[in-house]
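Hello,

Here is the structure for you to look over. My notes follow below it.

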Amino acid sequence: MIRKLLPAALAMAAALALTTAVPAQEVKLTLADQNSPTGWGPSHALYPWVKQVEEASKGKIKIEVFASQTLIKGIDMWKGIKSGIADIGWCVQGYWPEQTPLSDVMSLPFMPIKTAEQGGEILWKLYEKFPSIQKEYGEIQPLVLYTTSPNFLITANSKKLVKTMEDLKGLKIRTLGGPPIEMAKALGASPAVLPMPDMYQALDKGVFDGAAVPWEAIHGFRLYEVARNITMAPFYSSYFSLCANRQKIQSLPKEARDALMSVSALPGSKFWGKNFFDSAEGGVEERVKAAGITLNRYDVPTDELARWKKVAGEPIWEEWVKKMEGKGHKDARDILNTALELANAKN
């Protein structure tokens, strides 16, 4: 009997030894970014988030960052992630206005969104609530969805400071695609889409007269050197995704996937908004002071701003709803109303 049982016992012991000896699988992911690693957003949001992922996974997930468009150009990020050139990418959704049209509700002009942290919370909650928004991302798995604080206007040093709607007439302004294009047209400007890394040269050479930007872009691309005129008007909030290849994320061990999402999703969206954008104004103030530069800032008065909103605010909201409904998106108005309710609930 002993001779019969011994081989089975030895086999079981060997199997147990093999099971306990194999360490948990380490996961390596690549992340492509268009921004400089020293920019405000990457240094305050991206790299801290990478550290959060490693800590949440107890060191089992390692993320290698390829910054400054070294792996994928910003304008090509969406298709680069879909095709697997990188596992994760920092995506500017406004580069592809037809890709996520329902998510564009976040970039409608003059929405009552005050901060990027709030914007990230609203956008992620919309994504969770509406299957039609989830469907827009297809092969892309959003890890984080977040917004800027409202973009405002900067104009080149060779141009005058914009104070009224009439001052905008004919100016070639960089915006993102989608509703921001319609906003700029309604205000009398001539809008065009241009990746932010190309903005410095475009302003310096007079190819563009100005741009709608957040503070983070002014800091990250040193735009304060070529565009010192600042017109504070809450144009719109750009929105972004930390987008991942869905197949890659779904193939991860459940423990790794859970660790990744624990610092992404809603908490990650709020974290990225707050740290990438809300804190960046202080960084610009430090930079310009150190460079001995004075920014010419003008806060548009309430009565003048009301004129801008009247022609380029709610009318564009209504146009957006009609356009979306015309394309078969029957829940467009519900999406807009939900976004407004969430935004106003925080005010």
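Which residues of helix α10 are buried? Keep in mind that this is a predicted model. In α10, which spans residues 254-262, the buried residues are A256, A259 and L260. They sit on the same side of the helix, because they cover an arc of only 100° around its axis. The face turned away from that buried side carries K254 and E255, both exposed.

What does the buried side of α10 meet? Its buried residues pack against two helices, α2 (40-56) and α9 (246-250). They also pack against the strands β1 (27-32), β2 (61-66) and β4 (140-147).

Next, the nonpolar cores. The largest has 87 residues. Touching the most other members are W49, V105, F235, W272, W308, W320 and L336. Take F235 from that list. Leaving aside neighbours within four places in sequence, F235 is in contact with L108, P109, F110, N151, F152, L153, M183, L187, A212 and W308. Another core lies apart from the largest one and has 27 residues, including W40, I154, A211 and I230.

Last, please look at R174. It belongs to strand β6 (residues 172-175). R174 is buried but has no salt bridge. D198 is the nearest side chain of opposite charge, and it is 8.9 Å away. The R174 side chain does reach the backbone oxygen of L194, at 2.8 Å. Not counting residues up to four places away in sequence, R174 touches Y95, A192, L194, P195, M196, M199, F208, G210, A211 and A212.

Best wishes

Key
Residues are numbered from 1 along each chain as its sequence is written. This is a predicted model: local features need pLDDT of at least 70, side-chain atom pairs count only at pLDDT 80 or more; totals for chains, interfaces and linings use all residues. Side-chain values use heavy atoms; hydrogens and water are left out. A nonpolar core is a set of buried Ala, Val, Leu, Ile, Met, Phe, Trp, Tyr and Cys residues joined through side-chain atoms within 4.5 Å. Buried means under 20% relative accessible area, exposed over 50%, partly exposed in between (1.4 Å probe, protein chains only). Contact means heavy atoms within 4.5 Å. Helices (H or I, at least four residues) and strands (E, at least two) are DSSP runs, numbered from the N terminus. The arc is that of the directions from the helix axis to the C-beta atoms. Lys and Arg count as positive and Asp and Glu as negative; His and the chain ends are not counted. A salt bridge is a side-chain nitrogen of Lys or Arg within 4 Å of a carboxyl oxygen of Asp or Glu. A polar contact is a pair of N or O atoms within 3.5 Å; within protein, one must be able to donate a hydrogen and the other to accept it, and residues adjacent in sequence count only if both atoms are side-chain atoms.
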